[in-house]
Amino acid sequence: MEHVLRQCLIALRLAERIGLDESERAVVYYTALLVNVGCHADAHEQAKWFGDDIALKAVKYRHELRGVGMTAASMRLVGSGNPPLHRFRVGLEFAFSGHREMDDVVASHAAVARALAEQLELPDEVRAALGGSYEQWDGRGWPGELEGEEVPIAARVAQLAEFVEVAHRVGGVPAARELARRRGGRQFDPALADVLCADADTILDGLDAVGTWDAVIEAEPALAVVLSGERFDAALLAIATFVDLKSPYTLGHARAVSDLAAQAGAEAGASESTVRSLRRAGLVQGLGRLGVSNSIWDKRGPLGAGEWERVRIHPYLTERMLCQSEALAPLGAIAVQHREHLDGSGYPRGLAGPAISRPARILGAADAYQAMREPRPHRPPRSADEAAATLRADVRAGRRDAEAVEAVLGAAGHRVARRREGPAGLTPREVEVLTLLAQGMSNKETARRLVISPKTVANHIEHIYAKIGASTRATASLFAMQQGLLPVERFARDGRLTPSASPACSEPSPRTPLADPHWG
């Protein structure tokens, strides 16, 4: 954790030691932050050959990249997680053709990182450094077109900082110094390696004690790049698109969810600021997928309990990625809830009813609908009608908010009824009666409040009990709470949380099994 942030600080300290000016240090800054951003783009291929693509990434820090040790360590992982016969078959296939495919894939990492820098409109010098970030001093890097001082200085500094960070974290200053000494003149610029060896105590001092996020933000040379408005949205879109590269089954998913959630919010009458938040939250909701191996995301068979636990943490990882930024934290707060269900059967926290925000309910319905419309390794894409029927079944079962689902379906082009059902098929009037009943009002008081007769109230209560399977006010009240019909606070039209005096027809109840039918 925080590997990239720490390597950025090391790179900046190295850049200062060798006398780079402010503009040159700015290039080092962005190169160090983005140098490995393309590593997930071939996670599908890595998982195909080696099993857990995340575990595979550790191998490169233990062995010289073109050395025998690296080759042997990689071969030991071929087919991991599969029966012996399957591993043998994969091993043969890898020996004949897979090793060349993976070599090409490594070369593409730099190209992918450079492409993201272009979309983020970073300077040409940053793009050039990222393009050469996998080259080596001895010319044996990837794609192997540059060597020595032909490799941009920012790339040389960032690469040394990356490997030194891991060595220092695992073995302290002596291990970092030994790594630089041993690989200097081969993988690393020998002059940079000498600087690191001579001044390692100072360059690596205090890394464990600093607040890494704040330290990196404050260290940005020249405050070179500031994003706002449309540029901020464009940056989020660029990053979301690159995250979707992690699996061929999720290409374009974030953008589609973003558009659908924003349109649904508008259909539901949300304010302009809430619609904008929904659009942005739709772009970031899948960032946490990077923390789960493609051996899970791309698995063709059913997931085991342990694999499901990994899936269930990905919204939490999204929240943790975004929470340190004042601008991004509100988006993370929406995204972390988008897999929660009103009956408490969702994840990662098992929130229920009013604990799930209105934007999160819309985002969750949009994400589920879009996921069902896309192919997954274990199934073909579902039709629009099948996806709509599944979401409406979730409403009846008490898992999803009726208003959110109907808004999403309307945005997706489905016909939606003007009169929307509440949980368990309750009408809007029955929801009003149930809410007042749960608050302890008598039939007469309810009749006065709703301007109807006590007999009509009694009839409504009879129908309510039949629909929700209740026989007392207590069990009816429990149902109302589980469905979020009695929130302490509700989202007002301007997107702010405000006290609410009257209920709204929205949510539902029963529990789902551990497996979420919409996860993929």
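This is a predicted model: local features need pLDDT of at least 70, side-chain atom pairs count only at pLDDT 80 or more; totals for chains, interfaces and linings use all residues.
A cavity, on a 1 Å grid over the protein atoms alone, is a set of points where a 1.4 Å probe fits but cannot get out, while a pocket is an open set with protein on both sides within 12 Å along at least five of seven lines; lining residues have an atom within 4 Å of a point. Grid points are joined across faces, edges and corners, and a volume is the space filled by probe spheres set on the points.

Residues are numbered from 1 along each chain as its sequence is written, and side-chain values use heavy atoms, with hydrogens and water left out.

**The whole protein**

Start with a cartoon view. You have 25 helices and two strands to look at (DSSP runs, H or I of at least four residues for helices, E of at least two for strands, numbered from the N terminus). Of the 520 residues, 49% count as buried, meaning under 20% relative accessible area, with exposed over 50% and partly exposed in between (1.4 Å probe, protein chains only). Take contacts (heavy atoms within 4.5 Å) between residues at least 6 apart in sequence: 68% of them join residues at least 24 apart.

**Stop 1: the second largest cavity**

Select Glu340, Arg361, Arg399, Arg400 and Asp401, the closest to the centre of this cavity among its 14 lining residues. The space inside is about 80 Å³. Now colour helix α19 (residues 358-373), which gives the largest share of the lining, four residues. By type, the lining has five nonpolar, four polar and five charged residues (Ala, Val, Leu, Ile, Met, Phe, Trp, Tyr, Cys and Pro are nonpolar, Asp, Glu, Lys and Arg charged, and the others, Gly among them, polar).

**Stop 2: the second largest pocket**

Next, pick Ala47, Lys48, Asn82, Ser295 and Asp298, which lie nearest the centre of a pocket lined by 22 residues. Its volume is about 560 Å³. Show α3 (43-50), α6 (84-119), α15 (294-297) and α16 (305-312), the elements that give two or more residues to the lining. Which of them gives the largest share? That is α3, with four residues. The lining splits into five nonpolar, nine polar and eight charged residues.

**Stop 3: Ser258**

Jump to helix α13 (residues 253-267) and show Ser258. This serine counts as buried because its relative accessibility is 2%. A polar atom of its side chain lies 2.6 Å from the backbone oxygen of Arg279. Leaving out residues up to four places away in sequence, Ser258 touches Arg279, Gly282 and Leu283.

**Stop 4: Glu319**

On helix α17 (residues 314-322), select Glu319. Buried or exposed? Glu319 is at 18% relative accessibility, so it counts as buried. Then try a C-alpha to C-alpha distance to Ala335: 6.9 Å in space, for 16 residues in sequence.

**Stop 5: helix α25**

Finish on α25 (residues 473-482), where the buried residues are Ala476, Ser477, Phe479 and Ala480. They sit on the same side of α25, because they cover an arc of only 160° around the axis (taken from the directions from the helix axis to the C-beta atoms). Bring up α22 (428-438) and α24 (454-468), which are included in what covers these buried residues. Just after α25, check Gly484, with its positive phi of about 75°.

Definitions and conventions: A polar contact is a pair of N or O atoms within 3.5 Å; within protein, one must be able to donate a hydrogen and the other to accept it, and residues adjacent in sequence count only if both atoms are side-chain atoms.
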